[in-house]
Each structure stands twice: as structure tokens, then as C-alpha cells.
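My notes follow in the order in which I went through them.

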Amino acid sequence: MAKVSIRNEIRFILNGRDVVLSSVAPDATLLDWLRLDRSLRGTKEGCAEGDCGACTVLVGKLSADGLVYESVNACIRFLGSLDGTHVVTVEHLRGEPGQLHPVQQAMVDFHGSQCGFCTPGFVMSLYGLWMKSPDPSDAAIEKALQGNLCRCTGYEAIMRAAHAISSYGKAAKDPLAAEREMITARLEAMHDGARVEIGAGKARLVVPADVDDFAAMLDKEPGATIVAGSTDVGLWVTKHMRDISPVIFIGDLDGLCTISEDDGIISIGAGVTYTEAFSTLSKRIPALGPLFDRIGGEQVRNMGTIGGNIANGSPIGDTPPPFIALGARLTLRKGDKRRTIPLETFFIAYGRQDRQAGEFVEAVHVPVPAKDTKFAVYKITKRRDEDITAALGAFFLTLAKDGTVADVRIAYGGMAATPKRASAVEQALLGKPWTEDTVEAAMAEYARDFTPLTDMRASAEYRALAARNLLLRFFAETSGTSEPIQVSRYEAA
Amino acid sequence: MNKHAAPNLKAEKITGGVATDQRHDSAHKHVSGTAIYIDDMPEPAGTLHVGLGLSKVAHGILRSVDLSAVRTAAGVVDVLTYADVPGENDVSPSNMHDDPVLAEGKVQFFGQPIFAVIGETREAARRAARLARIEYEELPAVIGIWDLDPVNDKQVTTPLVLRRGDAATAIAAAPRRIKNRMWLGGQDHFYLEGQVSLAIPGEDDEVIVYCSTQGPSETQHLVAHTLGVPSHAVTVEVRRMGGGFGGKETQANQCAAIAAIAAKKLKRAVKIRLDRDEDMTATGKRHDFVIDYEVGFDDEGNILGVDFTYALRCGFSADLSGPVGDRALFHCDNAYFYPNVLAKSAPLYTNTVSNTAFRGFGGPQGMVGAERVIDEVAFAVGKDPLEIRKLNFYDPMEAIGSRNVTPYHQKVEDCIIQRIVAELEESAGYARRRREISAFNANSRFIKRGLALTPVKFGISFTKTESNQAGALVHVYADGSVHMNHGGTEMGQGLHLKVAQVVAEEFQIDLDRVKITATTTAKVPNTAPTAASSGADLNGMAAQNAARQIRQRLTDFAAEKYQVPVDQVVFLPNRVRIGNQEISFNDLVKQAYIARVQLSAAGFYKTPKIHWDRSKGQGHAFYYYAYGAACAEVSVDTLTGEYVVERADILHDCGRSLNRAIDIGQVEGGFIQGMGWLTTEELWWDDKGRLRTHAPSTYKIPLASDRPKIFNVALTDWSQAYEPTIHRSKAVGEPPLPHGMAVLHALSDAVASVADHKICPRLDAPATPERVLMAIERLKNEVKTGE
């Protein structure tokens, strides 16, 4: 392996200025740094866990598509993960001399603020949307605002403002658009391919040079905390005040952030965010599109990674059940050694996965379902969007020519200590004609597969009943009825 | 140089007077991040920060509290316990002495503050707080109230009884009777800005506390009480809150007291800002209720007699639970006349956080009980609930007969609910959509639609009579610009803007000549909390009174100086006509100043007419009522209980609105907040008394994507306050919140369709997808077993 150069500072752009920091705590959050160190207090703390969006800022990073700005939650974004990015806060917004920015003026004129505390976060989310989509639909605005809570307005005024922004100015003339080349050049100059190492002892952070560098480091230091999107580890710090040093930031590593398709199998690098995976997955496996739209809010999807969703082993992660139903496989890597296992076998028990010390999740490989198969995934939550799963069912079905069930894989989240197959239900379906009678008989088998828990998201009784009913929903959807099967906010695109 | 354009001396109207649509005075600051909340203020050098140590059991004796590891942790300056409270260790707002600042000897709920770490940084203080070693002797804990006895189990304060006629006899004699109970969940305020205070010690016993509080005077008095100093030593100031909703009426006081005690002890500025999870765990919420009801009615659906018991989970202390329970009873009639009624409250003690004010203050809970009774009657007689509603309304104001007396013996003299409901039925296409939904449901196996139209009548005034007073302070400076201050607080509702509009109107000057300033106890003393929707009613009147005093002095001065009769001094937009000449307002002010006319005035207002005898349960409790109605349509998935709100239409009465743009924002926001309360916002305690929904990850307030797909909000353009309120406007803070009931009842209607509308769904709240599905299952089973 080629020798990597080492740098002992992080470099990024904050609004208009270059920032170089050689002293950064591994658990320092962007929000605290903005408010306490920089006295930029337009960005607010509402929850410190990535759910309310009052702390929304934009982070611009260089990608295959050039410089891309995405909304993120500054409260759970670690400062050390910002190397080579452009951080944009509400203080950076400006319009014509002496004027507010179009996003801001629209919010003022349409009464989009009442108490005003959530407002800078809304402004930033709308700004991020407007740059990508100057004339968005209701659905697009709502999606962009899933991670922003407002308790005063009831959102109606904010929606009116969001629709009006382009009448106040052109996105193409926005300062961030005008300065695009200049910012790109400055960011490119910062990307020197070096490994970043800051601090020592109990306050140490590392940003590896690339995935090989990461593999070697983790092999040497298997106790390090791996941080990709920090949508989970962020809370270890803000809520549990855990010591996480040494930290290895892998959110933006070359070699870990690619998504590719080969021979009907989509390989997703562990550093790929939900947002980055969305366009490929929703196109190639359309049933995943609506699911991905309901994972976290926009900011969390811009930060959180599919690799993290799998690696943390949660029984309520949203990607493992559909991937298991699709027959996905997982590549784990330790140093230079790799092994690939069925995703299903990765989850051993609550809090325990098939991952050895020094090993990390490198990629997940998801087969695209064949044309004559049926695949669906259903997520049940208390609130439709930006909520954590109470129960989630994924169904993959192949029918034989005679209409009997040739192959079926059903996997659930929220129903057991791990993401889990409904084996007894599958057995009750295999070889039988795909009819409502068969389905009703199979529904009785759920009790053999699952003994769900009662918690704040749902009771055991509800989980059992709703999970069972999802099979009937799947049957109804695959049997070609024209009547509505699910409630939906918008007609399917 | 002066950035403001010179006032237009030819204008026909001032800009920004009353009854004009003005945007929020701070809107441009909100959007640019320059509006300063307390945590945004530059801290004085050496400011210290607080981390709280919270109880880990719901009820127990504190056997030992070992804070040695906390004290020696890095960055810790001091650790406060109850022993450090120089005055009384109590912040009870109702003088019950049951609300310790820091727990003393025992803890009574999971999350109760026991000690406060004072650190060089907030992080150091929070981290150190985890190092305490506390031994508890656990005691039996009462968590829920479903199984409690509303009469014999422990109560935190005296219950209320309302009685008119003879309910028991009327129910017994009625052709039909139904008796049942409902569960109604509470609600976290989820103001986006959590509780925060910054205390700066002064000379002698003085301290200034910048506090996110709805009640600066009360915060002042309680801080003084805990410090053991006179109120004059304490100044409390707040420019704005990042949301309040009742959650900062009394709940701000504990943090303010801790900051002030630490600041005085350590002689340094001290800031306390709760983490969201701590805030949700350790501060009070909307009360959850168990409502027992029995109703007697005839075959047409006329209600003949009702008996209610409203049991409320108060938590461990009284706080405002007494008046919250009272207001629930005051609204157990919603908009309906009960010929005979008995209503009792049961403010029950539990080992949970002490519940408190929340927009509506028990009123919405009272109404939900009324609407459940309407549903029961409707299903029993086989009619659309809307028919039963209309049958039982109070007499309209233009045709008052015998059906206009409330359970508390006040006459309803201003009822306009009939007209509002009729107009809304028409504009929302109720009858047509009722038919369309029936047809849809007949042909849809899994998805069922539901429709409901619910009314609201909300009583305006504090039932605590002394709270119905307000003060204001208005200065006119020699250049003609105006400084406006009053006792109300700004939490997003646009109160300062409305009051400024009133002052601009009195002086006939443009709105931008009136400066809005922070609420402070040093300018206006002894004020009521900004609550009970009273902000504009009370403070608008007080500010008007102050402005009128100054205007009178200017009038008298002008009349004398120009030798004209007083009635020839007329205030026109930005100018004054004195006899045959006009001079600018600014010039008149300047002349008055030179002539040594006093250009400052303190204004005052107290609400007339109201009185209330709690022991008798009788009085003229409310100055007037605000009305409105909402119509909602939902789609429900009968396999999972998931739903979407397809459409909502609201018609609401703000009298002659001071500012329609602001009022529509209140109605839209109130509806969504009420909808959240009754649908997805679920507070869930485990059997150890731990609140497990203590953060937005688990506690789900509505999102933009939970709005009704079609959302039409209108204000009545024909109503005006029956009483001489400020410019005949009506209060708007709380009355729109119960419009969320329309969604609960639309869900109920959709659920009922699975049993052909023959069985009352008795859908409890919050109607989460789980409760909806379980109600569907119950009805399906009842149909099956019935066959």
C-alpha cells in the first residue's frame, strides 16, 4: 500500500471564509461550534437528536455530480466530519443589497413564521430544495420538510411561502450558484488525499485517506468508533454523553461511497447515504422508493447511510427486511480480507451481529427482482413520515405457471429482536395456490414466527394484528384489484 | 440618519392600524436568524451553566444523596440542593407549597430535579450530573388514573361541582340512557425553544432574570419567594419565547429560580437551558382525562340530562390542576344546552410530572367529553351526529328562549353557532360529501372514508378574577416616536404587533412609529400571565388606555395653545387638525414637550361584568364566548388503522379581527395542534413511571405532510364581539385548538362504517393507527357475535 500523507488539521469553508482547525474534539458537534465558538446563533437547538430541524444548515460537498448542497442537522453532525466541505448557515443568506433572500422574503410575506424559533431551519431546508427544484410540487416540499417541526403555524403558511419563492428571485442567480466555480476550486484545493489525524489519547479523531487506509487502521485499532452519517452515534454523544474516542469518520471515503449494478445485482457501498441510493433504488426496485421517502427526514437521509443502518444491527432498521426478502448479501472486510454472507445471517441476536473485531461492513449487494416476481414493503408507524418503525413487512413472491407459490421470502422489522424471516408463514404459502384462502390460512401462522413486544411505539397486540394483515394487503395488491388498498397522500407517480 | 421615510402627511389612513393585515413584527428577524431568544443573548463574562440531576424512581424516600463525585468532576463550580435555597423551597403557583425547586427528602416522579450542578460549561455540568450516587427507598407509585376512585383516591386540590336542574331524575326518567367512559390522552407542548433562563446578579439582593416565561410577574414573585427577598429585588424580562402554548405559564419558574439562586450564591451569571429530553421528562403537560358520562335522551336525540365526572391526572402537585379541571367542566357543554346537568372534577394525585396549562386549559378536554356524548346519542337513535349537534345547540342570540343557561348558570347571550355551522355545511358541501362517502365505502373493501363536523364555543376570561387585569406603559418621545410596553408576552402569537396596531390607531400614526419592547416587570408590574387567550383583549385595552391619556393631554394642550374648542382637535393620519390648520403629529409632540406636557402614561384595564363563586358553582365566569366549527374528512386503512386527512374546512369567529393574517395563522396552527393531540401525539409511561416518549423521535407532533390535503380556513366576516372588547375583536389563542375534534370524529365515522354505522365506535384519543385498528376490530367482532 502506498504511504499516505498525514495532516493534523481539518479544513473547510464556513459561509464565505476558509476555516482551518487543528484542535477538534472527536465528539464536538457542528451546532455547538457554530453557536459557542463562532457566535453564529441563527442556527437553533430544538432537540439535539436530528428530529426537529431547528439546527438545519447546508453542507456542500464535491461529488460525481459536482458540488452538491444538502441539508443536514448540525446538532448531530460532528465537526471532525466536515473536512473538505462548504458549511452554509442562515447568516450566509442574502438577497439584493439591503434585501432579504427570496426564501426569506417569501416566508415573511406569507406569514410563514410565528414564534420564529424553527424558522431558520425551515429557511435552510427550503433553500436546499429551491436550489435543486425552483418550482417544487406539494409532495416535494413536504418531503423536503419532513425533518422540520413547526409547532405554531400548522405549516399551511410555510407551504404557501415555499411555492412563492421563485417569484422573488431566480435560483440560477443565487449567490451559491454564482460562486459555484470559485467554491468548487477552493474545495478541490482542500482535497489533498491525506489522512487527517487530530488529538491524542481520549480525544482523538481520524479521517482515513481512503477505504484501504480505513481497513488497515481499523484492523490495528478494532475498538475505534466508526462514524459514517452520525445519525445514531450523534445521539450517543448528545443524549448519552458517551466517550466515543477514538473516532474514525468514514462518511466521505473514496471507495466506500459508490453504488453500481452488475448482472442484476446492485452493490451499495457502506458510505452511500439514503439520498444517494434513492435514485438508483427507486428506479430499479420501485417498491423501495416510497419506503426510502419515509426513512427519517430529509436531513437524516442526507447524512445516514445504508451501511450504518445494517451495521448497527437494530431490529427496527428499515433497510434490512426488504433487503433480506430480496436475498441480499453482505460483504464484510478486515484488513485486506473480505467475506460475503447472506444479509439474513448477519443478525444473530439483539445487539449481536456476525462482525468480528476489526471487521467492517463494506457493501451490501441487492438483487433486482426478476420481472415475473412480486415485491412489496410496508412500514407501519404512529406518524406517517419521519417516524421509527413499529412494524415493517417485506414480501418477495414468485408464482409458478400454475399460479402456485414457487418461492416466497417474507421478512419483518419491529417484530423480534432482529430483522427476521416469517418462516412458518412462508412454509404455509409454499406450493399452495396464491389465493385468499391460502393467505388466510397462512395468516394463522404468524403466531409461530413472532412474539412481538409492547413499547411506546405499539402494543404487542397491534403489532401482531397489523403485521398479519399486511400479508392480506400484499395479496390484494398482487391480485389486480382496482380499488384502493392503501391510504396515500398523493396518487402514485 | 433616519432610515424611516418621513410620515405621509396626506395619507387617508395610517399604515398598520387596527383591522389591517400586518406581518409579524419580527418576521424579518425570524427568517434571518437575528431574532434573539434567551440562549442567543451574549453571555456576560464568566457565565456558568446548569446541569440537573433527576430522580430515577417515580416515588421514593431519598435515603442518601452522595454528590462527592459530582463536586470533584472537571469543570464543576458548585452543586446546589434544596439546602441551598435561601427562601422557601417552593414554586407552587397556587400557593399550595407542594412544588419544591429541588427535591427534599423524597421524590414523587421519575425525572424530578434533585440537585443542580453549576459548571463552567453546560457540557461539564451535564456530564457531572451523571456521577451522583443516590439511594432511594422506593415507595408504591400511582402512575395511571384509569383504575383510581375519583372520590376516594388522593387529590391534589379541591374538586369542583357544577349542578343545574336534577340530572339523576332526568336521566332516570328519560326514554333512553347510556353510561360509559372514555380515555383522553395528554399532550406535550413541544415548544421548539425549551425552558431557558439567564440570571445576572446585581447589587445587594438584586437579580435580573431573562426567562422564557409567559408570566414574568409570577416568575418574579416566585424567584423572590425562593430567594427570600422582596419582589422589588427581582426583575424578570422576556423579549420573546420560541413557543409557549401554556408550557411556560408556570413551568418556567423552576428553572428561573435555580438560575437566580445559583447566580446570587456564586455572584456570577448563570444560565440554565434544559435538554429536550429533560424538558419533556421534568416539565408538565396537558392533563390526560378519564371521562365518565351518563346521558338520558329521547328518541329524537334531545338530551334531557347528563352526568359527567372528569378525572384528570394531575401529577404530584397542584400546579394549575384545580383551574384546569374547572375549565373542563365549564366546557362540558361545548355548544349544547343541557336541561339537567351534574358535572364533577376529580383532580387526582399521581407519581408523574405535575401537569399544567396547555392551550385550552382543560376546555378542549371538556368539549371532547361533550362530543362523545353526542356520538353516543346519535348512534343510539340512528342519526348523523351533526343532526344531534344541531338539535341540542344553545338558543341563537337573535332568538333566545329558555335554552341558554350553562351548567354554571351563566346566560349565553351571544350564540352564533347556528349560523357558523350552517355556513360551513354549505361551503364544505357536507351533505353531498356525506352521500359520496357512503357510496365510496360501499364499494371499497379495505379503505373507508369518514366525515364529521364539530362546533366550538369557548369561554373567554380567566376564571381567577384577579388575573383579568392588565397594565401598559406608553412613552411618546419628543420626536414623536412611541415606545410601547405592556404586561403581555410574545410567544409567536403576534400579541405585540396587535397591541402596537392599537396604539398606532389611537395616535393615528404609522405602525413603524411605535416601538415594540421586551416585557419586563420593571416597567409594568403585577401582570397576569399571557394565557387564557386574553393577551390582546387585556393588554390592548391597557395600552389603549395609556395612549388615550397622552392623546387627551395633547388635545388639551393644542386646544389651549391654538385657542380652539377641544372637539376641534382631531387626530388624522400622522397629523392633527387644530381648528382650520393641520400640523404633523411630530410637531405637535415637540411643541407639547417644550410646553412641559407629560408624554408618558401608565394604562390599566380590568374586565368588567365577570364574577365567579366557585363554592356555589355559579357566576358570570366569562366576558363572552368565541365560536367556530370545523369539518374534516379522512381515509382509513382497515387493515392497519393508518389514515390520512383528506380535507378540513374551518369557519372561525374572531369578532372584528384586529389582524386577519395573524388570526388565520392562529386558527390554522391551533387546528393542527389540536389534531396532533387527538391523533398521533401519544404520551406513554412504562410501569415504572418512566415517560418513554420524551423526545421527537418517539413523540410525534404533526408534520407538513400531516396537514389536510385540502385545508380551507375562513374567518366569519360578519361577527363582532357582543361586549365592547378592544375594537370588538375576539380572543383567538385557544378557541381554534378544539377544531381538531373534527378529525377524531371523522376517524370515528370511518371506523363506524365497518359496522354499518350501527355501533358507536367509542374511539378514544389519541386515535393513533393502533387505536383506530383496535376499534375496527372491536366493531367487526361485535358484528360477528351479534349475528
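I placed B:K267 in the loop between α6 (252-266) and β12 (270-273) of chain B, where helices (H or I, at least four residues) and strands (E, at least two) are DSSP runs numbered from the N terminus. Its phi is near 60 degrees, a positive value in a residue other than glycine. B:K267 is exposed, with 8 other C-beta atoms within 10 Å; the cut-offs are 12 or fewer for exposed, 20 or more for buried and partly exposed in between, with C-beta atoms placed from the backbone.

I noted that this is a predicted model, in which local features need pLDDT of at least 70, side-chain atom pairs count only at pLDDT 80 or more, and totals for chains, interfaces and linings use all residues. Residues are numbered from 1 along each chain as its sequence is written, and chains are lettered from A and ligands numbered from 1 in the order in which they are written.

I then turned to B:S461, which is not a glycine but has a positive phi of about 150 degrees. B:S461 sits in the loop between β16 (447-460) and β17 (469-476) of chain B and is buried, with 23 other C-beta atoms within 10 Å.

For the peptide bonds, I found a cis bond joining A:S245 and A:P246, with omega about -5 degrees. Another cis bond joins B:A765 and B:P766, with omega about 0 degrees.

Finally, I looked up the contact, which takes 66 residues from chain A and 73 residues from chain B, two residues being in contact if their C-beta atoms, placed from the backbone, lie within 7 Å. On the side of chain A that touches chain B, α19(A) gives the most, with 7 residues.
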